Amino acid sequence: MNEKTKILWADDEIDLLKPHILFLEQKGYEMITVNNGNAAVAKSISERPDLVFLDENMPGISGLETLRQIKAINPDVKVVMITKSEEEYIMDDAIGSQIADYLIKPVNPNQILHSIKKLIDKSRLVTEKTTQNYQQDFRNISMMLMDKLSLDEWKDAYNKIIYWEMELEKSTDKSMAEVFENQKKEANHNFCKFVTQNYISYLQPTGDNGPVMSHNLMRRKVVPLLSDNRPTFFILIDNLRLDQWRTLAPIIKEKFKIEEEDQYLTILPTTTQYCRNAIFSGLLPSEIEKRFPTKWSNDEDEGGKNNYEEDFLNDLMQRLRITGKTSYTKVTNLDGGNAMVNNIPNMFKNQLNVIVYNFVDALSHARTEVSVVRELAENEAAYRSVTESWFKHSPLWEAMQMIAEKNVKVVITTDHGSIRVKKPVKVVGDKNTNTNLRYKQGKSLKYEAKEVFEIKKPELAFLPKVNMSQAFVVCKEDDFFAYPNNYNYYVNYYTNTFQHGGISLEEMMVPFIVLENK
């Protein structure tokens, strides 16, 4: 308990409460006592107490008026109303004025102490319990990471890691932060080994026995939802990480119930060009290029790389014999978001409505390029916070609240995530080498083979092959590529920015959520 905690107690019979005051002083609290409302207001100014016990019925200004004046001085101070009356209107007025708790007279010392601990010591107690619980689970996670995990076990491990990242974030004790970061780094190191060992085999045709990945997501996870004749909304928020979904979930649960909360494994490279085209075509990149030779763009090609998603989607629906009406909406700015909201009523007539919302990805790029955005999203916690703030006030949430009024299913997912990069690795390529910091493709690439995931034969990974000597190299963990020329510039500019394209839990293990209206 913090010995400097100041408690102001205002009661016109304060002398009769001397035993209570002595009891709390013995517990280490600094007690300030007054016997009327005006004095309580004055002490609120001069002493800035952490907590106020306030008698509702005092001569002079009332307890409720005292409460209002104290809150005007210090809106954050916690106030406990103490009253002889249980009249509903008094409680309503007090609660409306933002009391933290109320007690009915006569009060005993243990009641008072319980209220203090609940309001003042709660943060400390929660922190201690969180630290203790993580220390216990740390061993379990460490033992788990030592095993040869399956993909489903990696989902469980990542769920645990995200849970503790967000729990420890709430804690005022930062002593476990370094321990957690080291464990998270170990998890990513082992996950990269897992991916490099299994990735090529996962892409081989296996019917429905292989993992759910970008190219079979629609067939395996979305199309089965279309069978009950309710409209389905498939909402893809570009670049949404699992931790960001967890931040949005409490907001969404106000209007929806979660029917399924899962993760799927993205393809490589983890960029929009590859992952999102694979989702909507139901094909891997080289298969898209073969089926749509004029609609697939390679890295070195001019123009947009995701201009034909709607065409790919319609083709996939035909191949899967989905005859119901489908709509496709891509939102890239506020005007597009507002237009999407206005069109929601028309979408209820469709069997499937796809909405691609490009905010989080834009935030990631803006954070790299605009210093003020980098400050707003300085680290993972801030990145989550900015995402939450955007979502609460976005046309997307407005649209989802309209959707929640109808009997529908809603899918929320993404095409890939991102990771905050920290360690530069050197690469050399010719002028046609692509610019992505997490993967490179081209001919005559030079790099340290042990630092990357090499795909020397792109066809094995179902990646387009432009020339005979072409290869793909993909960054692992929190590495990023930097050219030897202008090396210091690259390192200083891009270190601690959020990037995607490579192998990490944050980029490849992404959320897949199914919602129903309440």
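Q: Which classes of residue make up the lining of the largest cavity?
A: Rolling a probe the size of a water molecule over the atoms shows where empty space is left. In this predicted model, the lining of the largest cavity has six nonpolar residues, one polar and no charged. The lining residues are Phe194, Val195, Asn198, Tyr199, Tyr202, Leu265 and Met508. Helix 8 (residues 177–202) gives the largest share, with five residues. The volume is about 30 Å³, and a search of the whole structure finds one cavity of 30 Å³ or more.

Q: In what order do the three strands of the open sheet lie?
A: Strands of a sheet pair through backbone hydrogen bonds, either parallel or antiparallel. Here the order is 14-12-17, with mixed pairing. Strand 14 (446–447) and strand 17 (479–482) are at the edges with a single partner strand each, so one side of each has no neighbour in the sheet. Strand 12 (residues 423–428) runs antiparallel to strand 14, and two bridges join them. Valine 427 is opposite tyrosine 447 in strand 14.

Q: Which helix lies across strand 12 and strand 17?
A: Helix 19 (residues 487–494) does, running at about 145° to strand 17.

Q: How do I read the angle at which helix 2 and helix 3 cross?
A: Angles under 35 degrees count as roughly parallel. The axes of helix 2 (residues 37–47) and helix 3 (residues 63–73) cross at roughly 10° and come within 9 Å. Helix 2 and helix 3 are therefore roughly parallel to each other.

Q: Which residues of helix 2 and helix 3 meet?
A: Gly37, Ala40, Val41, Ser44 and Ile45 in helix 2 are in contact with Thr66, Gln69, Ile70 and Ile73 in helix 3. Five residues of this contact are nonpolar, four are polar and none is charged.

Technical notes:
Residues numbered from 1 in each chain as written. Predicted model: local features only at pLDDT ≥ 70, side-chain atom pairs only at ≥ 80, totals over all residues. Heavy atoms only, no water. Axes fitted to C-alpha atoms, helices over the stretch in contact; angles between N-to-C directions. Helix = DSSP H or I, 4+ residues; strand = E, 2+ residues; numbered from the N terminus. Parallel < 35°, antiparallel > 145°, perpendicular 65-115°, else oblique. Contact = heavy atoms within 4.5 Å. Nonpolar A, V, L, I, M, F, W, Y, C, P; charged D, E, K, R; others polar. Pairing = 2+ DSSP bridges. 1 Å grid on protein atoms, 1.4 Å probe; cavity = no way out; pocket = protein on both sides within 12 Å on 5 of 7 lines; lining within 4 Å. Points joined across faces, edges and corners; volume = space filled by probe spheres on them.
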